[in-house]
Number of protein chains: 2
Amino acid sequence: MAKTGDAQQRGERPRQAGSQSRASDVEPRWLNSDELAAWLANSAIMISLPAALDARMQRESQMTFFEYMVLSVLSEEPDRTMQMSALATRTSASLSRLSHVVGRLEKRGLLARSRIPGAGRRTNATLTEAGYDVVVAAAPGHVAAVREYLIDSLEPRDLAALRRIGAAVDAAIHREPADPARAATAHVDVPAP
Amino acid sequence: MAKTGDAQQRGERPRQAGSQSRASDVEPRWLNSDELAAWLANSAIMISLPAALDARMQRESQMTFFEYMVLSVLSEEPDRTMQMSALATRTSASLSRLSHVVGRLEKRGLLARSRIPGAGRRTNATLTEAGYDVVVAAAPGHVAAVREYLIDSLEPRDLAALRRIGAAVDAAIHREPADPARAATAHVDVPAP
DNA sequence: CGCCAGTTATTGACGCATCAAGTTCGAGAA
DNA sequence: TTCTCGAACTTGATGCGTCAATAACTGGCG
């Protein structure tokens, strides 16, 4: 059986035997009940939140959450312009994804691309007036959604914790470019049910 | 300048005239610096974490994070079986999405569907032996990833905070009945026949 | 000078998600 | 009985994301 799943939903038997009774708790394989609860709670943030924000953005502003991010980031530059690769980094997207999205936004007239002369293949994306108006119109709804779904329901201490957690996750994901040793150790025997 | 961006970093005000604040004259509050930091940190959890987990699942176990969830949930049922709609609820997915995914998993021989006789159109999904083996093989890697990217880098107090935050988000998203046009999806588990 | 190597960006194919129908069945109303 | 409604799924079209090429340049090397 698998793991992280859940099973407690119904309060029935506490799966994963002994794992949480280990005092030292240095059991690297499975999750104890506190960890499991945290992981399940995390799913709400990881899965439901983006879905909710996306749905709402779509409904209220006819654009994707990601499209909004792109336009928004551009709108914050002094000249409403940014190089594609920088924009990709800023929005945590692959250059490929960004290129597709920017292509669509360009077709909609919300931004324009232009090659930077004498600089390899570098390209700038610039927000148009129409694009700017669209972001400005969408912004209040976006902020409202962020507040409603997340910020406003957190106490100050949890707001602070969220900052630390985000930072930790970011660090954990970005450290280690490639660890050859781990691939081999990834598998461990599974106890039978 | 658009929204969540920054701008008030320093408590300064949102440039951008009230083009849309007309709603009840209560201008939507912007985010102050603490809130903004929390929101940005949250992006790591909302965007980078799922991407990292998905990539790793794909690489190590040739399956999607979501596919793993489906198989995993089934594997925890006493008879490795669950009704489609219940499975959809359990995995926070639409019935449509689940149907597509289950169709693929069935084609791969990892599970099987069967109509429940005399019960409307109800359908059960059951894990096959092969499916069970696959989940068991994938589980350790999954747990390792969850630990590595999230759990292990959190102090106990943040682990607890994460639980509260997840619960808060979940509550915030699921309240709000208001909204014409869409009323489905608020759901409670379905009792077995 | 000509070429190779390294960046930076675009493209196309393909998989997966979503949305709007469509299908199938049971149950209660007429 | 027959109608209609609603629940539980499935299906197909469409659009976005990803991965693996490919393209467009610049600069350095020989």
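**Charged pairs**

B:Arg56 forms a salt bridge with B:Glu148, and their closest N and O atoms are 3.2 Å apart; a salt bridge here is a side-chain nitrogen of Lys or Arg within 4 Å of a carboxyl oxygen of Asp or Glu. This pair links distant parts of the chain, since B:Arg56 sits in helix 1 of chain B and B:Glu148 in helix 5 (residues 129-149) of chain B, 92 residues apart; helices are DSSP runs of H or I with at least four residues, numbered from the N terminus. Both B:Arg56 and B:Glu148 are buried, where buried means under 20% relative accessible area, exposed over 50%, and partly exposed in between, with a 1.4 Å probe and protein chains only.

This is a predicted model, in which local features need pLDDT of at least 70 and side-chain atom pairs count only at pLDDT 80 or more, while totals for chains, interfaces and linings use all residues. Residues are numbered from 1 along each chain as its sequence is written, chains are lettered from A in the order in which they are written, and side-chain values use heavy atoms, leaving out hydrogens and water.

Salt bridges that share partners also join A:Glu35, B:Arg147 and B:Asp152 into one network. In chain A, A:Glu106 forms a salt bridge with A:Arg113, with 2.9 Å between the closest N and O atoms; A:Glu106 is partly exposed at 28% relative accessible area, and A:Arg113 is partly exposed at 32%. Over all chains, a search of the whole structure finds 20 salt bridges.

Methods:
Helix = DSSP H or I, 4+ residues; strand = E, 2+ residues; numbered from the N terminus.
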